[in-house]
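Here are a few exercises to work through with the viewer open. Try each task before you read its solution.

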Amino acid sequence: MAKKLKDVLANAGISMDLQAGGKAPDELIDREVKREPHERVKKLKNIFMDTLSSANNEFTYWYTREYMSLDNEIPVVRRAKALKAAFSHSTPAIYPGELLVMHKTTYFRGSFPMPWLSEGFYMAHEDEFYQEALKRGSASVDEHSKFGTGGGNVTKSFGKVVSLAGKFGMRQEEIPALLKLAKMWYGKSVDDLGNKYEKMVPEYKTKEQIMRSIICMFDSGFTLPQGREVINYYYPLELGFDGILKMANEMKGKVAGKADGDGMVGMNRLYNYEAVIQFIEGVQKWINNYSTELRRLINVTKDENLKKDYAQSAEILEWIEHNPPRTFREAIQMIETVHIGVLNEDAISGLSPGRIGQVLYPYFEQDIAAGRITEDEVLELLELDRVVKTSIDCFASAGVVGGVLSGNTFNTVSVGGLNKFGKSAANRLEYLILEAGANNAMPQSTIALLYDEQLPEDFLMLAAEVIKVGAGYPAFMNNRIAQEFMFHQYAEEGMTIEDSRAWAIGGCLETSACTWKPLHLNGKEYWIPGGAGQPTSVGVHFISMPKVLELVLFNGVDPRTKEKVYEPHNSKLETYEDVWEQFKLYWQKTVDVLNWTNNIQHDVWRKNNMSIFNSLLKPNCLEVGHLINELGYKYNGTFNIESAGTITLVNSLAALKKIVFEDKIVSLDTMKQAIVDNFGFKDAREVNSFSLADQEKKEGVIADQWEKLHFQVLQAPKYGNDDKYADEILLDWENFFCEDSRKYESLYARNLYPCQISVSTHGAMGSATLATPDGRLSGTTFADASMSAYPGTDRNGPFALLNSASIWDHSKSQNSQLNIKIHPTAIKGNEGTKKLLDLTRAYMRKGGFHVQYNVVDSKVLKNAQEHPEKYRDLMVRVAGFTQYWVEIGKSVQDELIARTEYEGV
Amino acid sequence: MEKLLYKDTRNYTPIDVTKGIDHVTGNIVLADNEAPAGYEVMPKCKNCSNFTAGADHMGICEASMNEPKFFTYPDLVAVTCGMYKGV
């Protein structure tokens, strides 16, 4: 039997048990804190747990039918009318027990394809889908009962269901229509048009090579053109939909035929307001369809309680179809409706509600004072909101949904932070949001706590207690660092100290620009925060840093595919500095090429597929008459460059510096050969495990040849131990990356900035990368996030890790990301909760931006991998988001198991 | 007479591609199971007089204003369609 790396190292006296700060108990230890939601919530949650991700064509059909009939219409109006047709024709779906109603489609966990963004996937799989649709005609739907692992993912076709992208199920009878709709967008989609024009970039071939070698993960222009931003609910709350219509109609009259000094786009304001009107009318019809259905169901159901529920929900919808909400219940329904509406406008991942505890507080405060609602009723609604948000799926390509997002949609809620006047913004409703997160632990909304020294101690202790539920939230984000970043990035666009305090997390941990608006309720004014910036899901995403280093070592050729990616540098790489300088040159070439081609894709998007709903919600679009595509947002410099594999690169550079250039133990050529030979081990795919410890040694001479060198590189300096040798390489990287990013320009003529999250790309990108000089083996994952240590290499305890992570100025980047895995026994009881808070506070005070915790026993994860059917509801923190264990890919599962588990803090 | 399946009944709301709620009883039922006698038919294109059937689960919406007439498919729900005329 082949030897595993952990056994090889154990024979040499080196442990790879990946525990630090003590030893975990031998038995499986469950999480300490367990809570239950309200009975009504539990029933709906149970439905969710047994629900498959499902897609249909309804929205797609009506959008396409209307769009294709409007050949010569102004593009923004054409799009608005197509969206209006799609919303107006969406069939309402009501489920018993709901208090918050309305869904993306007629499924509980539904979504639909948007071939106007990209249709290539369906065309490429046309034959396969047709065959699935035809051959499965006689199969029984009872095959469904065999569907176990994968949670709600439809990973394979079964019965009368065809699997799309290994994630979504579609009824076989809808497949021919899907393919016909896709064909109608051939040559017209953002993907196709973008590709037609990006080919005109002289370096386009390099871009293709970069994508083929998986140096970059995906094109943001047609995959997720919006997202990782904070929505703004202000106008519907303040004006209601009729109020927005009134405003748009008045403004239309004011701007018609007038350029007002702007000869480029001044005239467009007329068409933009017309688009707003068309769109809002569509949304109103959509709401009306729901209230009509609720009224109908009152006469269908025999259950008296349901009749009351339906009547109440119908009344709320009938009101908010036209008017601003008056109560907490109406307000939370309004934001739910708006949220789902925006998500149906575009393929969006990471549409964060933002600081909803502060947005909804006026209604909460007044309803509680008037006795219109109790805290328990509010808590139930907040728990229900978690079912709604977790049920949201984003329909995008397999590579994006699986490889990058792990199926997550990142509807992050932020709590804490400061108010407009610089004081703690935490309020009673935010305590209840945290309580709801503990009672109804589900992946969405994940919670970001905007840490500030002014936040009340009991608020922070409650947050730390919620972390112990093990759902991975709240994550802590540093308010001071975020405000400083806001000034770095948005000073040129007029960022004020007040607006910098309004920030919130968009997506999983993207610091997003927001603003304050005055909400009026019963004669009282409240300043509420909301999004005012463009998406941050846009730009150059993600660049595999270890892969770029690999290309440096192999003179521009990908040793895996044997294809030339970059022009050969022909440097002999005689010093560490030679390697570092060449790395920077290849990095810059990569960013340049990807930025130019991405700019073209996004430009096509803004011309034909621009946002209308999300746009009109965000200041100052309604006031100025320009949508996102004409810089109507207050803050537009949101395009970024995302890195992946930071710590694997840092450790690799440290090993090269030490082993090759300083100690001269081996030559660079020998190191390269060891990399090609994978240090004598099999490839991870052959082993079907993606963590380092489980890799298997090959048999024979080659395997033994590299054993000593592999030991040496594994023991070279590693990040995460408060060891300056490796940490200063991180500092060099950060200083370069943070400055260099600002040299590139987005299509909106704003500079880019660094974004340092990996989401799940460390799995997919690791899979396409050979062994690295730090001893990581071919095909295994990179270190997760950007500040997490590589599994098993942080040996000096959590405070040493925090010191390593905070060696650089985090405010120069949109974010950084540090994930820490802690065994439940390490933070047991009230004392443990305090320790967890102390650890977090220490990091924030050192200037760290973000930390989040996985409170879990690694043995539970191993057991869950072997017996997924027993762990349908097990959740883990992956990288900025929480996901059901059974819905994430094996490579990331392996990496989660392998992460260093702290037994004491 | 052709069997009426739950997925083709007015008071069935799909939960996912395999099952849904029967609002009459409140039960979760399988989409392709036969509905009890007397259940109301769901407005779908295939039940509309404006629908002309074609091959392979496709057809034409004769009420369409597009030129040529836009296609449709039999199982498209028509609850919200103003042009729906039950057969």
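**Exercise 1. Where in chain A does A:Leu631 sit, and is it buried, partly exposed or exposed?**

Solution. Start with the place: A:Leu631 lies in the loop that runs between α27 and β17 (640–644) of chain A. Keep in mind that this is a predicted model. Next, look at the backbone: A:Leu631 isn't a glycine, yet its phi is positive, about 60 degrees. That's worth a second look, since most residues other than glycine have a negative phi. Now for the surroundings. A:Leu631 has 19 other C-beta atoms within 10 Å. A residue needs 20 or more to count as buried, so A:Leu631 is partly exposed.

**Exercise 2. Which residues does the cis peptide bond of A:Asn620 join, and which residues does the cis bond of B:Pro68 join?**

Solution. In chain A, the cis bond links A:Pro619 and A:Asn620, with omega about 10 degrees. A:Asn620 belongs to the loop between α26 (613–617) and α27 (621–624). In chain B, the cis bond goes from B:Glu67 to B:Pro68, and omega is near 0 degrees. B:Pro68 is in the loop between β5 (59–61) and β6 (71–72) of that chain.

**Exercise 3. Which strands pair with β20 of chain A, and how many of the residues of β20 are buried?**

Solution. Take one partner at a time. β11 (residues 475–478) runs antiparallel to β20(A) and is joined to it by two bridges; here A:Met477 partners A:His850. β19 (residues 819–822) runs parallel to β20(A), with four bridges between them, and A:Lys821 stands opposite A:Asn854. Now trace the chain: β19(A), helix α36 (residues 829–846) and β20(A) make up a right-handed β-α-β unit.

Finally, check the cover. Six of the six residues of β20 (residues 850–855) are buried. In a regular strand, side chains alternate between the two faces of the sheet. For β20(A), one side carries A:His850, A:Gln852 and A:Asn854, the other A:Val851, A:Tyr853 and A:Val855, and both faces are covered.

**Exercise 4. In what order do the strands of the open sheet β1-β2-β3 of chain B run, and is the pairing parallel or antiparallel?**

Solution. The order is simply β1-β2-β3, and the pairing is antiparallel. β1 (12–14) and β3 (27–30) are at the edges; each has a single partner strand, so one side of each has no neighbour in the sheet. Ignoring direction, neighbouring strands are turned by 40 degrees against each other on average. Zoom in on β2 (residues 19–22) and you'll see four bridges to β3(B), with B:Ile21 opposite B:Ile28.

**Exercise 5. How many residues of chain B are in contact with chain A, and which classes are they?**

Solution. 28 residues of chain B contact 39 residues of chain A. Sort the chain B side by class and you get 16 nonpolar, eight polar and four charged residues. As for confidence, the predictor gives the complex an ipTM of 0.99 and a pTM of 0.95, while chain B averages a pLDDT of 96.

Definitions and conventions:
Residues are numbered from 1 along each chain as its sequence is written. Chains are lettered from A and ligands numbered from 1 in the order in which they are written. This is a predicted model: local features need pLDDT of at least 70, side-chain atom pairs count only at pLDDT 80 or more; totals for chains, interfaces and linings use all residues. Two residues are in contact if their C-beta atoms, placed from the backbone, lie within 7 Å. Ala, Val, Leu, Ile, Met, Phe, Trp, Tyr, Cys and Pro count as nonpolar, Asp, Glu, Lys and Arg as charged, and the others, Gly among them, as polar. pLDDT is the predictor's confidence in each residue, from 0 to 100. A residue is buried if 20 or more other C-beta atoms lie within 10 Å of its own, exposed if 12 or fewer, and partly exposed in between; C-beta atoms are placed from the backbone. Two strands pair if DSSP finds at least two bridges between them. A crossover is right-handed if, with the strands pointing away from the viewer, the path from the first strand over the helix to the second runs clockwise. Axes are lines fitted to C-alpha atoms, for helices over the stretch in contact, and angles run from 0 to 180 degrees between N-to-C directions.
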